[in-house]
Amino acid sequence: MRAADLAVEYPTVTMATAAIDAARILAGGDLPGLIVVNDAGKPLLVLPGTQVLRLAVPSYCQDDPTLARVIDEAAADVFFRELDGRTVQECLPDEPKEPPVVDGRATALEMAALMARTRSPLVAVTNPDGTLAGVVTMHALLDRILGDGA
């Protein structure tokens, strides 16, 4: 089984997409991350949902779990307003990582190794012209590797 056989349609965003819109897409689709594409539709990287959270949650709450515990829910909801006016590009880590991108000929083991190496729950699969053909999720890949009955 090759990547092209497992790839499915998946939501994408660009660097200019509003961070709050990316968060809504993640939440609305119960997704672990999103594929960030350039203007030509070529995948650049995976934006994990945790990166969006890092932008929304103040660093003092990230650094001190005790402090995060004492903030009530109404105040916590306000933090997500921090995403207003921010873009996907601002959610990205400072250090670029290896993009989890393969061509359609990649094997299940190649995708699994890439997911493990990049700690990504998604792999973008490209067409011969480099545009996004679809995505293979960790769940779909594990189903394939372990067998549908697992």
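I took helices (H or I, at least four residues) and strands (E, at least two) as DSSP runs, numbered from the N terminus. With that in hand, I noted that helix H8 is followed by Arg119, whose phi is positive, near 55 degrees. I kept in mind that this is a predicted model, where local features need pLDDT of at least 70, side-chain atom pairs count only at pLDDT 80 or more, and totals for chains, interfaces and linings use all residues. Residues are numbered from 1 along each chain as its sequence is written, and side-chain values use heavy atoms, with hydrogens and water left out.

In H8, residues 108-118, I found Ala108, Met111, Leu114, Met115 and Thr118 buried. Seen down the helix axis, these buried residues fall within an arc of 130 degrees (taken from the directions from the axis to the C-beta atoms), so they line one face of H8. On the face turned away from that buried side I found the exposed residues Leu109, Ala116 and Arg117.

Next I checked salt bridges, meaning a side-chain nitrogen of Lys or Arg within 4 Å of a carboxyl oxygen of Asp or Glu, and the count came to four. One of them joins Glu98 and Arg117, at 2.9 Å from N to O. Because Glu98 lies in the loop between helix H7 (88-91) and S4, while Arg117 lies in H8, the pair ties together parts that are 19 residues apart in sequence. I noted Glu98 as partly exposed at 40% relative accessibility, and Arg117 as exposed at 52%.

Methods:
Buried < 20%, exposed > 50% of the residue type's maximum accessible area, 1.4 Å probe, protein only.
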